[in-house]
Amino acid sequence: FQSDDKLFIDTFEYEEETKLNKENWTVICSARGHTKEIYDFAWSPDSKRIVTASNDNSIKLWTLIHNINDNTYRMQTDDCVTDHAHFVQGITWDPLNRFIISTSADRTTCIYNLISRSNKLNTKLKLNLFYTMKKYKRSNRKIK
């Protein structure tokens, strides 16, 4: 049992502590290009790229570009694939920066190779479908 005075002091100290420990977030840029909501995303191991998975059944590969002159950022789309028949539920990046794996509501998992495309201005990555795993279907036949 606590007195009302003690409860008031505890609440006041908690509110002050919460104000001091708040995180401050700032939007530096936004990625627009999917036709529906983004369901999941993953950063590349080198933190220069993002891959997004969307309810529009697509996966997009983005590069974060930093303009040093005015300290601004923008997102550039490197590639977009639509190998899933239903919305993409999850996406992850291989820690060695060689593969991206996605899983979908269509019960498939796709593994993509990352292929580098270079020109004089920059290097873009391309997603190349490497392997698709499909849900195992049980047979209704009885084994005799």
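Ala, Val, Leu, Ile, Met, Phe, Trp, Tyr, Cys and Pro are counted here as nonpolar, Asp, Glu, Lys and Arg as charged, and the others, Gly among them, as polar. By this classification, the lining of the largest pocket in the predicted model comprises ten nonpolar residues, two polar residues and no charged residues. The pocket holds about 250 Å³ of space. Its lining is made up of Ile 28, Cys 29, Ser 30, Ala 31, Ile 38, Phe 41, Trp 43, Ile 50, Thr 52, Trp 62, Leu 64 and Met 75. Two or more of these residues are contributed by each of β1 (38-43), β2 (49-54) and β3 (59-67), and β1 provides the largest share, with three.

The chain contains one helix and eight strands, arranged from the N terminus as α-β-β-β-β-β-β-β-β. Of its 144 residues, 26% are buried. Among contacts between residues at least 6 apart in sequence, 39% join residues at least 24 apart.

Strand β2 pairs with two of the other strands. With β1 it forms five bridges in the antiparallel sense, and Phe 41 has Thr 52 of β2 as its bridge partner. The hairpin of β1 and β2 has five residues between the strands, and Ser 47 adopts a positive phi near 60°. Five bridges also join β2 to β3, again in an antiparallel arrangement, with Thr 52 opposite Lys 60 in β3. In this second hairpin, four residues separate the strands and Asn 57 has a positive phi near 70°.

Because six of the six residues of β2 are buried, this strand is largely enclosed by the rest of the structure. In a regular strand the side chains alternate between the two faces of the sheet. In β2, Arg 49, Val 51 and Ala 53 point one way, whereas Ile 50, Thr 52 and Ser 54 point the other way. Of these residues, Ile 50 and Thr 52 are among those lining the largest pocket, while Val 51 belongs to the largest nonpolar core.

That core has 15 residues, of which Val 51, Ile 59, Leu 61, Ile 100 and Leu 127 touch the most other members. Two or more core residues come from each of β2, β3, β5, β7 (108-118) and β8 (123-134). Beyond residues up to four places away in sequence, Ile 100 touches Val 51, Leu 61, Ile 91, Thr 92, Trp 93, Cys 110, Ile 111, Tyr 112, Leu 114 and Leu 127.

A further antiparallel pairing links β5 (residues 88-93) and β6 (residues 99-104) over five bridges. Val 88 lies opposite Ser 104 in β6. The two strands form a hairpin with five residues between them, and Asn 97 in the turn has a positive phi of about 65°.

Conventions:
Residues are numbered from 1 along each chain as its sequence is written. This is a predicted model: local features need pLDDT of at least 70, side-chain atom pairs count only at pLDDT 80 or more; totals for chains, interfaces and linings use all residues. Side-chain values use heavy atoms; hydrogens and water are left out. On a 1 Å grid over the protein atoms alone, a cavity is a set of points where a 1.4 Å probe fits but cannot get out, and a pocket is an open set with protein on both sides within 12 Å along at least five of seven lines; lining residues have an atom within 4 Å of a point. Grid points are joined across faces, edges and corners, and a volume is the space filled by probe spheres set on the points. Two strands pair if DSSP finds at least two bridges between them. A nonpolar core is a set of buried Ala, Val, Leu, Ile, Met, Phe, Trp, Tyr and Cys residues joined through side-chain atoms within 4.5 Å. Buried means under 20% relative accessible area, exposed over 50%, partly exposed in between (1.4 Å probe, protein chains only). Contact means heavy atoms within 4.5 Å.
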